[in-house]
Amino acid sequence: MVKYKEDWYKLYHVHYQQYPDDCIENIYWLEKAVQADFCNPQFADIKIETEKEWEKYRYLFQMHINLKLIEQHLRLGRIYDKKCIYFYDAPWKDEYLNNMQKALSCYQAGLYYWQEAKVWCEKANAASFNFLFITGKQNWEDERERIANGDLDYEKMLKRKISRLEKNIKELNEMDKKY
């Protein structure tokens, strides 16, 4: 039975070749994980010995799930994104616009999850956790550190993609006037 965050997270998987349905399925599993409760600490994915470890584990887990949601939205958006507009794209303008709107909504959703990830990262960076590291989930600790020092900044990437996409949408909409 799938009931807890950890159970829902185990359903998340990345295919070598990800199609839109695969991304949407992963987003569904991760969204369910965000909404679910945590299991008992003795059944967590790693060994939890203190209440402080349990608290930090929960913050890191929430942060990690939000980062995975961003990645899935980026993958889904990339499928629909048209990076460059050419003069010969005019006959398919409506289809390109429809796809670019889908990509735009994916990237904008990613911005929401980035704000959430930063909130959880900030909680995991509290002074009370200064010398506490969840070594069983070192990659989560690495993500937390990269967010804290600015090496991992999905906001910058997403805003750049949104800006480029809005420019391309504008360019496509102006095609009727030129051609």
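R144 and E141 are three residues apart in helix α5, so about one helical turn separates them. They join in a salt bridge whose closest N and O atoms are 2.9 Å apart; the term stands for a side-chain nitrogen of Lys or Arg within 4 Å of a carboxyl oxygen of Asp or Glu. Both R144 and E141 are buried, where buried means under 20% relative accessible area, exposed over 50%, and partly exposed in between (1.4 Å probe, protein chains only). Please keep in mind that this is a predicted model, in which local features need pLDDT of at least 70 and side-chain atom pairs count only at pLDDT 80 or more, while totals for chains, interfaces and linings use all residues. Residues are numbered from 1 along each chain as its sequence is written, and side-chain values use heavy atoms, with hydrogens and water left out.

**Overall fold and confidence**

- The protein has seven helices and zero strands; helices (H or I, at least four residues) and strands (E, at least two) are DSSP runs, numbered from the N terminus.
- Read from the N terminus, the order of elements is α-α-α-α-α-α-α.
- The C-alpha trace spans about 70 × 40 × 25 Å along its principal axes.
- Of the 179 residues in the protein, 44% count as buried.
- Mean pLDDT is 91, and 98% of the residues reach 70 or more; pLDDT is the predictor's confidence in each residue, from 0 to 100.
- Confidence is highest in α4, at a mean of 95, and lowest in helix α7 (residues 175–178), at 68.

**Salt bridges**

- The structure holds 11 salt bridges.
- One of them joins E141 to K56, with the closest N and O atoms 3.1 Å apart.
- Because E141 lies in helix α5 and K56 in helix α3, this pair ties together parts that are 85 residues apart in sequence.
- E141 and K56 are both buried.
- A network of salt bridges links K56, E141, R144 and E145.
- K159 and E155 are four residues apart in helix α6, so they are separated by about one helical turn.
- K159 is partly exposed, with a relative accessible area of 46%.

**Aromatic pairs**

- The structure has 17 aromatic pairs, counted when rings of Phe, Tyr and Trp (its six-membered ring) have centres within 6.5 Å; planes under 30 degrees apart count as stacked, over 60 as edge-to-face and the rest as tilted.
- F38 and F61 make an edge-to-face pair, at 5.7 Å centre to centre and with 85° between the planes.
- Since F38 lies in the loop between α2 (20–35) and α3 and F61 in helix α3, the pair ties together parts 23 residues apart in sequence.
- F61 counts as buried, because its relative accessibility is 0%.
- Y59 and F129 form another aromatic pair, which is edge-to-face because the ring centres are 6.1 Å apart and the planes stand at 75°.
- With Y59 in helix α3 and F129 in the loop between α4 and α5 (138–149), this pair ties together parts that are 70 residues apart in sequence.
- Y59 is buried at 16% relative accessibility, and F129 is buried at 2%.
- Ring pairs also link Y9, Y12, F38, W54, Y57, F61 and W140 into a cluster.

**Charges over rings**

- K5 lies over the face of F38, at 5.1 Å from the ring centre; the rule asks for NZ of Lys or CZ of Arg within 6 Å of the ring centre and within 35 degrees of the ring normal.
- K82 places its charged end over the ring of Y96, 4.9 Å from the centre.

**Surface and loops**

- Y86, F87 and Y88 form a nonpolar patch on the surface, with about 350 Å² of accessible area together.
- Such patches are made of residues with over 30% relative accessible area and no salt bridge, with like charges joined within 9 Å and nonpolar side chains (Val, Leu, Ile, Met, Phe, Trp, Tyr) within 5 Å; accessible areas come from the Shrake-Rupley method with a 1.4 Å probe, and for residues only the protein chains shown count as cover.
- Y88 is found in the loop between α3 (51–80) and α4 (93–124), and at a relative accessible area of 46% Y88 is partly exposed.
- D151 is in the loop between α5 and α6 (154–173), and D151 is exposed, with a relative accessible area of 56%.
- D151 and D37 are 114 residues apart along the chain, and their C-alpha atoms are separated by 30 Å.
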